[in-house]
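Please look over these notes on aromatic contacts with the coordinates open. They are set out as numbered points.

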Amino acid sequence: MRVAFIGDIVGRPGRKIIKENLAKIRDEYNIDFVIANAENASHGFGLTVKNCDELLKAGIDVITGGNHSFDKKKDMFVLLETKAVLRPDNYPEGLAGSGVKICDIETEDGIEKLAVINLMGQFAMPTVENPFNWAKKLVNELHEQDVKNIFIDFHGEATSEKRIMLMMFKNLVSGICGTHTHVSTDDLQIMDNTAYLTDIGLTGCRDNVIGMDSYVPIQKACTGIGGHFEVPNNCKSILQMMVIDIEEGKAKDAFKIKKLCNQSEYIITKAMID
């Protein structure tokens, strides 16, 4: 199967570039399934029902989240019950929703199962259970169910935490991709049958500060006085996507697609294979 992952969708510019390009990319690259982190898709903070429907209609199959998942609580509680929307599974127990979804994917070889796991790191993040021990439990349970194809969206601030996840679960899961920083890294690789990227980066405005208008971040950096972050309506946008070819749980190939709003062609980066 060929699985794609899009990260962090920020506001209207992020949704717009997906609506304009995702269907074409799915068709051109024969993508079977699309996962996307969309915790910033509504005005930069959280996800509304309306915007969720917009993204699912555009061709996204499962939506993951992170520390902003519950910024729009009323909408998120509805989405977790009614849509293919996840929140980090290692949030404290008792919270609505789940961070694990086993999906049936129609491929050329028939129906195959893919487990999507959404986890959140500990450094500079809200209170969560230990993500590494939590992941160990989840992966073991999935293997016991004979689910071999497993993808992890690890939402974290620290690059070291993301790298630890690779070292722990290489050859046990099909792919691991980091989200949250909105800054893409240049370390796409396949190590021991696991595709890995420290951070996919944002899908949204690329000429401001992590998708937000630069005025308030600059003011806060210079004076210590913050304000309300706004997503610009007009900006140079980018779509960033990781694509993995998976066979029997193992990543056989991986590449990254970048689409800039002012360019017609795609920028393709191939994975290093160890």
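1. Phe-255 has a relative accessibility of 6% and therefore counts as buried; the term means under 20% relative accessible area, with exposed over 50% and partly exposed in between (1.4 Å probe, protein chains only). The model is a predicted one: local features need pLDDT of at least 70, side-chain atom pairs count only at pLDDT 80 or more, and totals for chains, interfaces and linings use all residues. Residues are numbered from 1 along each chain as its sequence is written, and side-chain values use heavy atoms, leaving out hydrogens and water.

2. Rings of Phe, Tyr and Trp (its six-membered ring) are paired here if their centres lie within 6.5 Å; planes under 30 degrees apart are stacked, over 60 edge-to-face, and the rest tilted. The count by this rule is six aromatic pairs.

3. One of the pairs is Phe-5 with Phe-151: the ring centres are 5.0 Å apart and the planes stand at 45 degrees, so the pair is tilted. It links distant parts of the chain, 146 residues apart, with Phe-5 in strand E1 (residues 2-6) and Phe-151 in strand E6 (residues 150-155). Strands (E) are DSSP runs of at least two residues and helices (H or I) of at least four, numbered from the N terminus. Phe-5 and Phe-151 are both buried.

4. Tyr-29 and Phe-255 also form a tilted pair, because their planes are at 45 degrees, with ring centres 5.9 Å apart. Tyr-29 lies in the loop between helix H1 (11-28) and strand E2 (33-37), and Phe-255 in strand E12 (residues 250-260), 226 residues apart. Tyr-29 is buried, at 16% relative accessible area. Ring pairs join Tyr-29, Phe-255 and Tyr-266 in a cluster.
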